[in-house]
Amino acid sequence: MSLSEIATNDMHGENSPYFDGWKAYDENPFHPTKNPNGVIQMGLAENQLSFNLMEEWILKNPKASICTPEGISQFKDVAIFQDYHGLTQFRNAVAKFMGKARGGRVKFDPDRIVMSGGATGANEMIMFCLADPGEAFLVPSPYYPAFDRDLRWRTRVKIHPVECTSTNNFQITREALEAAYQKAQEENIKVKGLIITNPSNPLGTTLSRETLTSLVSFINEKNIHLVADEIYAATVFSSPRFVSVSEIMDEVECNPNLIHIVYSLSKDLGLPGFRVGIVYSYNDDVVSCGRKMSSFGLVSSQTQHLLASMLSDDEFVDNFLMESSRRLAKRHKTFTEGLVNVNINCLKSNAGLFVWMDLRHLLKEPTLEGEIALWRVIIKDVKLNVSPGSSFQCSEPGWFRVCFANMDEDTVEVALKRIRTFVGKGQEEAEAPTKAKRWKNSTLRLSFSSRICDEAVMTPLMMSPHSPMPHSPLVRART
């Protein structure tokens, strides 16, 4: 018996090296003692650097949990049916935290907070609210690979990329927006809005006040929506500081009904398993419709109860935000300096849990095929799960996103050691007497002949970690 088309269509976006790398890790995960030669997970944007701060708070505040002797008296009230508006104390605490994460420069109304199951659910919810099947949202590239799943898989909304390039450090320009909008018009595609990630995933950069002002002006002129994905707001670790679209609304004339924010506690607090997603809209109708849709992806009342108490503790929150930023800055410095030591540079960044690593000089050829070939070597031989730029719809081959905050310091050192060894071997090969036979030019290149699988480079559409084939040829190890 066949399954529904909406469940089985290929719009999920899983057919990408982004997900294939995860499969490679799942099949051979690194462990410092049990599997020291395994794949190190550097494709997961997760903030694990400040868990001890939350653990200490929980130990000091046992009443916050309904699963402790101190908190058991609240068990019944929390366990019974809860309205999908969410616990009042939870929405109050989240609104307060959102303000603190933005430096206290803006305030948020708890009554405009709509809950969802993580940012994934929040992104899909806002699409359902704002667009019909076949309509489109402009999305500056490179962008988060799972946007294909979150924004369009079940909603049937289209993603229309706005191409950004390294010539200006991938900044969004008015010219690029106008070009993408005009192209959509020529293709008879109705554009309903623009989606931005600020801070950016995968770039790790923040949008300037001038850029945000230009974006708000653009959507107002076109009378289309602006969805600002701000789930990395509190991961900024150096200047310039983060500017929320909410700040811009107070400074320029705009239609507030067109502005919406997606937020989550997955990145700023490092709690993706809690599945806390938020849609904050300045549009009353979106808030009303979103609340109805939130029935399909609520945050558990137990989670709400715990977080309401934690996020209401001003002393804890202030210390956490400050210390998390400090630790991210330290880790970013350690990792990028380690890369610079082997002549690998990254896009200058000030936020996020990753770097946008430039390996263009290591490509055998400056093409998508060349990028995928290099990625396969990094996965199979270097055993690092990094994500190639093509999976982020980057138009320039050779960029890779590498996550650095989901591991301890020892694992970071192992990863950097593997990179040093890999680059060192490439240099030795480039300097070998037989180099002229392998390459036609004198530019530093890496020989993949002994490392890459014999079969031809596969296209991204053939690289699903959940495809019927038992093991993807892209990540099948030859040991």
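1. Gln393 lies in the loop between β12 (387-388) and β13 (399-403). Strands here are DSSP runs of E with at least two residues, helices are runs of H or I with at least four residues, and both are numbered from the N terminus. Gln393 is not a glycine, yet its phi is positive, at about 60 degrees. Its relative accessible area is 37%, so Gln393 counts as partly exposed (between the cut-offs for buried, under 20% relative accessible area, and exposed, over 50%; 1.4 Å probe, protein chains only).

2. A note on the basis. This is a predicted model, in which local features need pLDDT of at least 70, side-chain atom pairs count only at pLDDT 80 or more, and totals for chains, interfaces and linings use all residues. Residues are numbered from 1 along each chain as its sequence is written, and side-chain values use heavy atoms, with hydrogens and water left out.

3. Asn343 also has a positive phi, about 65 degrees, and is not a glycine. Asn343 sits in the loop between α13 (314-340) and β9 (345-346). Asn343 is exposed because its relative accessibility is 55%.

4. Next, the peptide bonds. Ser141 to Pro142 is cis, with omega near 5 degrees. Pro142 belongs to the loop that runs between β3 (136-141) and α7 (147-153).

5. Ser239 to Pro240 is a cis peptide bond too, with omega near 0 degrees. The loop between β6 (225-229) and α10 (245-249) holds Pro240.

6. Why check these sites? Most residues other than glycine have a negative phi, and most peptide bonds are trans.
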